[in-house]
Amino acid sequence: MYRYDEFDHTLVQERVAQFRGQVARRLSGELSEEEFKPLRLMNGLYLQLHAYMLRVAIPYGTFSARQMRTLADIARRYDKGYGHFTTRQNIQYNWPRLDRVPDLLDELAGVEMHALQTSGNCIRNVTADHYAGVAAEEIEDPRIYAELIRQWSSLHPEFSFLPRKFKIAVTGSPHDRAAVKVHDIGLQMCRDEDGAPGFAVLVGGGLGRSPFVAKKIREFLPKRHLLSYLEAILRVYNQLGRRDNKYKARIKILVHELGAEAFTELVEAEWAELKDGTVELPAGEVARIQSYFAPPPYEAFSGATLEIQNREFEVRRFEDRGFANWLRSNVAAHKAPGYAIANISLKPEGGVPGDITAEQMDLVAELAERFGFGEIRASHQQNLLMPDVKRADLYALWQALGRHGLASPNIGLVADIIACPGLDYCTLANARAIPVAQAISERFADPARQHAIGELGIKISGCINACGHHHVGQIGILGVDKKGVEFYQITLGGAADENAALGKIIGPAFGYDQVVDAVETIVDTYLEIRVDDEAFNQTLTRVGFAPFKEKLYAAH
Amino acid sequence: MADKIVTANRLDDGLVVYLNGASGGGSWSERIEDARIAGDDAAADGLLAEAEGPGQEIRVVGPYLIEIALEGAEPRPVSYREAIRAKGPTVRLDLGKQADFA
């Protein structure tokens with residue numbers, strides 16, 4: 001795991017001290033709210049419906065048990081005993097006092113964390129595949145490059161006042177778990193003809209008011225050129241991106257209006273000037289960062305040991321249906337023999353997606369130390385995971401998680417719903433998202449039913465800004481306000497992986513009391529007409545919207 | 001015109017507050033029941049001017065008018081957004097004003 005060097009420490013501590021002064025000047029009246037607002041936003045501090053909200057960055061979703069304990073401690077001492085994991089691998093606190101935020105940031109700095117660039121028109125927290133470093137099919141660990149981007153983009157003087165916010169995601173695997181095609185820049189590791197690793201560069205993806213799937217502007221970028229190429233893209237955007245209309249200011253609009261070809265030409269021309277210059281990746285620095293992401297000391301099991309372990313494991317699986325269900329949905333294959341990736345669902349039946357209590361945070365920290373080399377990951381699906389667990393320890397881990405409501409066997413299933421905070425917390429929202437997610441997870445509570453349905457992503461946003469990623473849900477739900485009443489528009493057919501697609505609206509919106517029934521109707525219709533183990537979007541492609549529409553709107 | 005009150009978020013802790021007190025007092029309460037009610041446009045403009053008046057910027061952030069309906073003598077926000085602000089998250093009844101003033 002990356003550890004701060006002296007520059008990182010100094011930078012973060014200086015920013016805390018600077019913000020402490022800014023808060024004091026705001027409280028004394030020396031700064032107006034108009035002057036203060038951009039300063040607090042640069043430090044991740046929003047003012048939401050009920051109180052301030054602080055968004056803490058978890059770069060590329062990787063953090064330690066020690067950091068998790070501090071997050072728990074902050075939840076207890078500065079907030080109301082819980083935190084909320086977001087769709088960008090961040091954690092949010094919903095109730096901090098402004099006058100205590102500087103102390104809170106000091107505590108974060110003590111464990112090498114901060115809230116910088118989690119808001120504002122800058123390059124935001126870089127996200128990555130949450131299986132980075134442990135996925136069997138991975139080309140290279142994308143966190144090395146995500147960390148380089150983090151360092152390059154932190155307080156980058158040229159890119160601190162972009163036309164609009166800017167999000168970069170990186171994946172090292174062909175199967176995209178990081179939704180790179182719906183980011184401003186998506187980096188997908190690939191190999192050239194000689195087998196050398198590099199990146200396919202995608203630009204202009206994004207959700208919100210005007211959703212777009214990113215365009216590939218470069219098939220292959222050698223790794224050493226990563227930062228200079230990113231700098232070229234950002235320069236073109238910084239110069240040509242619109243600043244007159246915030247709804248047209250994202251890079252996706254620029255790419256769309258110029259056309260991918262013309263945009264690419266501009267980037268390549270800019271890059272020709274930058275290439276082989278000062279921002280080329282120095283091999284020594286890459287190696288230094290790479291060393292932080294070296295695999296932990298895995299135990300080398302003999303074939304005979306693995307066989308015995310496997311036999312015991314299969315007995316457990318056979319004897320305990322709850323464990324078997326959890327294994328099926330929450331445990332993924334690991335690159336090291338005898339190890340597994342254990343996902344921790346933050347979507348209990350009727351729970352708030354992404355919420356976790358301070359006590360649960362402490363438990364996850366303890367279990368990570370006991371079973372997983374002290375490392376934890378946050379996924380953009382608002383769940384956690386332990387990337388390196390011995391298969392032989394899975395049963396004990398599952399039992400411990402289950403005692404604290406953290407063993408819901410539903411990763412990737414219908415109850416593993418992404419939902420933004422919606423109108424329960426957010427000033428931008430038009431409708432609530434969380435209670436809809438809760439009601440759906442209650443409706444589909446039976447694990448057997450969820451497993452019978454199979455993988456199915458429901459994503460809910462409380463407004464068109466789409467923090468709940470509804471455009472890329474196989475079933476997407478968008479909350480809207482119609483003359484003061486909450487309604488929910490349903491889209492079908494979205495996807496956030498390597499086959500990224502934007503869902504299409506199926507028909508008129510549903511009322512708050514109707515939307516769960518509508519979702520169930522869609523799911524039941526899918527089950528009726530799917531062939532063999534066809535995935536939801538495959539069925540939709542084969543039969544179209546008609547059967548779903550008929551069932552949903554037949555009575556109208 | 002619907003009755004109106006002024007709401008804002010308190011500067012130091014961010015909590016939702018309502019302009020209350022006797023006319024011209026310019027003080028704030030966490031309880032919507034304490035809010036001073038304007039029954040016409042002129043009174044509403046006066047309330048907002050008071051909320052934005054000297055010294056208020058170090059007490060509150062972003063004051064604005066909201067429509068209310070009276071339930072007995074007590075003001076209730078017309079919009080569900082403001083109803084949620086007045087009570088707290090509908091998904092956490094143990095938090096917010098609904099818990100603090102239960």
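A: We begin with a pair of strands. Strand E1 (residues 3–10) of chain B and strand E4 (residues 60–71) of chain B run antiparallel and are joined by seven bridges. Arg10(B) has Val60(B) as its bridge partner in E4(B). Bear in mind throughout that this is a predicted model.

Q: What holds such strands together in general, and in what order do the five strands of the open sheet in chain B stand?

A: In general, strands of a sheet pair through backbone hydrogen bonds, either parallel or antiparallel. In chain B the order is E3-E2-E1-E4-E5, with antiparallel pairing. Strand E3 (27–29) and strand E5 (74–77) of chain B are the edges; each has a single partner strand, so one side of each has no neighbour in the sheet. On average, and with direction ignored, neighbouring strands of this sheet are turned by 50° against each other.

Q: Which strands of this sheet does helix H1 (residues 41–51) of chain B touch?

A: H1 of chain B packs on the sheet and touches E1, strand E2 (16–20) and E4 of chain B. Its direction makes about 15° with that of E1(B).

Q: In what order do the strands of the five-stranded open sheet in chain A stand?

A: The order is E1-E2-E5-E4-E13 in chain A, and the pairing is antiparallel. At the edges stand strand E1 (45–47) and strand E13 (355–357) of chain A, each with a single partner strand, so each has one side without a neighbour in the sheet. From one strand to the next, the twist averages 30°.

Q: How many bridges pair strand E2 (residues 52–56) of chain A with strand E5 (residues 91–93) of chain A?

A: There are three bridges, in the antiparallel sense. Within E5(A), Gln92(A) stands opposite Arg55(A). H3(A) packs on this sheet, touching E4 and E5 of chain A, and its direction makes about 15° with that of E5(A).

Q: At what angle to E13(A) does helix H12 (residues 358–371) of chain A run?

A: H12 of chain A runs at about 85° to E13(A) and lies across E4 and E13 of chain A.

Q: Which strands does E14(A) pair with?

A: E14(A) runs antiparallel to E3(A), with three bridges between them; here Glu375(A) in E14(A) stands opposite Ser64(A). Two bridges join E14(A) to strand E15 (residues 384–390) of chain A, again antiparallel, and Arg377(A) has Leu385(A) as its bridge partner in E15(A). The hairpin of E14(A) and E15(A) has five residues between the strands, and Gln382(A) takes a positive phi near 65° there.

Q: Is helix H5 (residues 143–153) of chain A mostly covered or mostly open?

A: H5 is mostly covered, with nine of its 11 residues buried. Among them are Ile144(A), Leu148(A) and Ile149(A), along with Arg143(A), Glu147(A) and Arg150(A). The buried residues of H5(A) pack against E3, strand E6 (127–128), strand E7 (168–171), strand E8 (185–191), helix H6 (226–240) and helix H9 (283–292) of chain A. Just after H5(A), Leu155(A) has a positive phi of about 55°.

Q: Why does Ile490(A) count as buried?

A: Burial is judged by counting C-beta atoms within 10 Å, and 20 or more make a residue buried. Ile490(A) has 25 C-beta neighbours inside 10 Å, so it counts as buried. Ile490(A) belongs to strand E19 (residues 485–492) of chain A. Beyond its neighbours within four places in sequence, Ile490(A) contacts Ile475(A), Gly476(A), Ile477(A), Ile506(A), Phe510(A) and Ala518(A).

Q: How far apart are the C-alpha centres of domain 1 of chain A and domain 3 of chain A?

A: The centres lie 30 Å apart. The contact takes 21 residues from domain 1 of chain A and 20 residues from domain 3 of chain A. On the domain 1 side, strand E3 (62–64), helix H3 (65–78) and strand E4 (82–85) of chain A each give two or more residues. H3(A) gives the most to that side, with seven residues. By class, the domain 1 side divides into nine nonpolar, nine polar and three charged residues.

How values were computed. Residues are numbered from 1 along each chain as its sequence is written. Chains are lettered from A and ligands numbered from 1 in the order in which they are written. This is a predicted model: local features need pLDDT of at least 70, side-chain atom pairs count only at pLDDT 80 or more; totals for chains, interfaces and linings use all residues. Domain bounds come from an automatic or database domain assignment. Two residues are in contact if their C-beta atoms, placed from the backbone, lie within 7 Å. Helices (H or I, at least four residues) and strands (E, at least two) are DSSP runs, numbered from the N terminus. Ala, Val, Leu, Ile, Met, Phe, Trp, Tyr, Cys and Pro count as nonpolar, Asp, Glu, Lys and Arg as charged, and the others, Gly among them, as polar. A residue is buried if 20 or more other C-beta atoms lie within 10 Å of its own, exposed if 12 or fewer, and partly exposed in between; C-beta atoms are placed from the backbone. Two strands pair if DSSP finds at least two bridges between them. Axes are lines fitted to C-alpha atoms, for helices over the stretch in contact, and angles run from 0 to 180 degrees between N-to-C directions.
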